[in-house]
Amino acid sequence: MISDATSPMTPVASFRLSMSGPGALLLDVAGETFSEDLQDRVHGLARAMLGVEGVSEAVPGMNNLLVVFDPLLVEPERVEDALLEKWPCIEPDPLAGQTVDVAVRYGGADGPDLEELAAHAGMSVAEVIERHTAATYRVAAVGAMPGFVYLSGLDPLLARPRRANPRGTVPQGAVMIGGAQAGIMPVTAPSGWHILGMTDLKLFDPKREPPATFRPGDRIRFVTESVQA
Amino acid sequence: MIEILSTGLPNTVQDEGRPGYLDAGVSLCGAMDRPALLAANALLNNKPSSAVIEVALFPFRLRFQAEMSFAVTGAVAPATLDGVPLPPWWTGHAKAGQELRIDPPARGARVVVAFAGGIDVPLVLGSRATDAKGGFGGLNGRGLKRGDRLAVGDAPAMRAREFGTVPDWLHEDWQVLRVLPAAEFDAFDADSLDRFFGEEWTVSADANRQGYRLDGGRLVRTTPRELFSHGIVPGTVQVPASGMPIIQLADANTCGGYPKIATVIEADLWKLAQAPVGAKLRFQEVTRAEGIAALRAQRDGLVRLREAVTLARR
């Protein structure tokens with residue numbers, strides 16, 4: 001799509017550009033709340049930046065982009081210029097993507113935080129599950145851990161700040177909520193997110209290429225496999 | 001082939017790391033002391049990417065099951081071959097059956113042990129580095145255990161020689177970490193910034209290849225703002241709500257959500273690799289140009305080392 005007077009592009013919100021050491025830059029375009037439209041542009045920018053000389057990685061976050069380059073091969077100012085030049089006019093890349101149903105065993109030992117999250121939200125466990133399964137989530141970014149998906153689209157009533165004390169180990173397959181984001185644990189690792197249930201779906205296999213099951217832009221729906229008190 | 005006689009799980013097979021998969025959540029991993037890895041491989045005429053053993057738990061003992069050249073770099077630690085002491089940053093030649101022993105460092109925290117031809121474990125996503133969190137790479141995705149046997153690749157054709165090196169960067173102050181300001185630098189109050197640069201920080205017991213938590217003053221933000229998850233690089237100094245900084249390192253998660261006050265320049269990450277629990281550190285602000293110049297000087301030093309080794313082994 002070419003932008004012209006008859007098809008105005010969504011205004012680009014303010015952004016912040018900062019250094020992540022000599023060989024990386026972080027472009028943060030986030031406003032107060034997560035924007036799907038800005039995220040589509042972030043994915044488009046990631047693709048465009050991988051074509052810039054010296055740039056080795058473009059890592060989409062939630063309404064932000066980390067660009068990694070070799071500062072001995074390319075002057076950082078050139079990468080900055082490319083970012084600032086491309087961002088205002090970047091085409092959204094909606095990444096059509098796949099839609100996958102993820103079966104979840106809610107509650108009980110599989111979902112130790114489900115009741116507390118329901119109490120905090122002032123609703124029943126059943127209503128939490130209903131709201132959690134009603135939404136279609138978007139894979140906004142893959143990161144943190146191998147194959148971990150940051151999912152947008154969580155019902156705002158289910159949002160809850162991360163635990164003050166992260167758990168030392170959270171098992172692979174844990175279906176979680178952290179702040180306004182939903183996620184699934186791809187490996188067993190520490191996490192401060194709230195655990196609602198478990199899935200058997202494997203999110204990462206280093207023997208595959210690509211190793212991660214989901215790509216940014218994919219859609220996920222949670223479906224109830226079972227509910228335990 | 002080499003056989004591990006004494007070790008602990010913090011000792012792992014590492015190489016230059018696994019770049020290219022940050023957007024799939026795969027950590028960089030690789031040797032914590034990258035210049036020590038590159039220097040050890042240079043001493044042996046290995047490819048820069050050849051895999052080595054990173055030793056962080058001592059004593060470490062191994063037996064050579066075949067004749068081969070090896071190199072020991074990184075922390076300054078007592079090393080012996082069949083009881084005969086080796087100087088630090090040294091390359092030697094072992095016969096089959098000889099035992100290499102490395103005791104706790106007098107200075108530093110991590111020793112690199114490299115072998116001519118490099119450790120031959122399968123490439124996973126382009127690298128032999130152990131990703132302990134992901135459970136892949138290295139030897140079966142885990143740290144080394146007693147009795148493990150590691151194959152060593154074919155050695156480059158060269159003369160067996162014994163010699164050492166003392167790279168320029170080892171003469172720098174190991175306690176001073178040069179940093180660039182990061183995204184939330186300006187969100188910290190003036191007192192906090194004074195403390196960040198003015199005070200000594202101590203490496204806490206909560207320190208491993210993922211990152212180091214530091215003990216010291218508390219850093220306070222004047223404008224707290226919840227951040228969305230974003231990509232981070234090794235060297236990122238995060239400040240969670242507790243106000244105690246965490247430096248993210250080689251095995252760090254690829255994304256984080258905590259505010260970032262600064263980033264340690266790549267040329268100084270080896271100093272963190274060599275900072276044991278209890279070590280005192282200081283932060284010093286530099287410009288991006290200075291950070292790049294430091295990296296260039298280090299890489300130039302490694303190029304000169306390779307040239308010298310080529311002459312010595314001719």
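Here's a quick briefing on how chains A and B meet and on the nonpolar cores. Keep in mind that this is a predicted model. The two chains bury about 3,400 Å² between them, and the largest nonpolar core has 35 residues.

**The A–B interface**

- Chain A puts 47 residues into the contact, and chain B puts in 39.
- Carbon and sulfur atoms account for 62% of the roughly 3,400 Å² buried between chain A and chain B.
- There are three salt bridges between the two chains. In one pairing, R288(B) bridges to E77(A), with the closest N and O atoms 3.5 Å apart.
- On chain A's side, the elements giving two or more residues are the strands β1 (16–19), β2 (24–28), β3 (55–60) and β4 (64–69), plus the helix α2 (76–86).
- Sorted by class, that side of chain A comes out at 26 nonpolar, eleven polar and ten charged residues.

**The nonpolar cores**

- In the 35-residue core, the residues with the most contacts inside it are V128(A), Y137(A), V149(A), L151(A), I220(A) and F222(A).
- Several elements of chain A supply at least two residues each to this core, including α3 (114–121), α4 (125–134), β6 (137–142) and β13 (219–228). β5(A) gives the largest share, with four residues.
- Looking beyond four places away in sequence, Y137(A) touches L151(A), I220(A) and F222(A), among others, and its neighbours also include R131(A), H132(A) and D218(A).
- Another core, of 30 residues, lies apart from the largest one; I53(B), L62(B), V111(B) and V152(B) are among its members.

Technical notes: Residues are numbered from 1 along each chain as its sequence is written. Chains are lettered from A and ligands numbered from 1 in the order in which they are written. This is a predicted model: local features need pLDDT of at least 70, side-chain atom pairs count only at pLDDT 80 or more; totals for chains, interfaces and linings use all residues. Side-chain values use heavy atoms; hydrogens and water are left out. Contact means heavy atoms within 4.5 Å. Buried area is the accessible area (1.4 Å probe) that two parts lose on being put together, summed over both. A salt bridge is a side-chain nitrogen of Lys or Arg within 4 Å of a carboxyl oxygen of Asp or Glu. Ala, Val, Leu, Ile, Met, Phe, Trp, Tyr, Cys and Pro count as nonpolar, Asp, Glu, Lys and Arg as charged, and the others, Gly among them, as polar. A nonpolar core is a set of buried Ala, Val, Leu, Ile, Met, Phe, Trp, Tyr and Cys residues joined through side-chain atoms within 4.5 Å. Buried means under 20% relative accessible area, exposed over 50%, partly exposed in between (1.4 Å probe, protein chains only).
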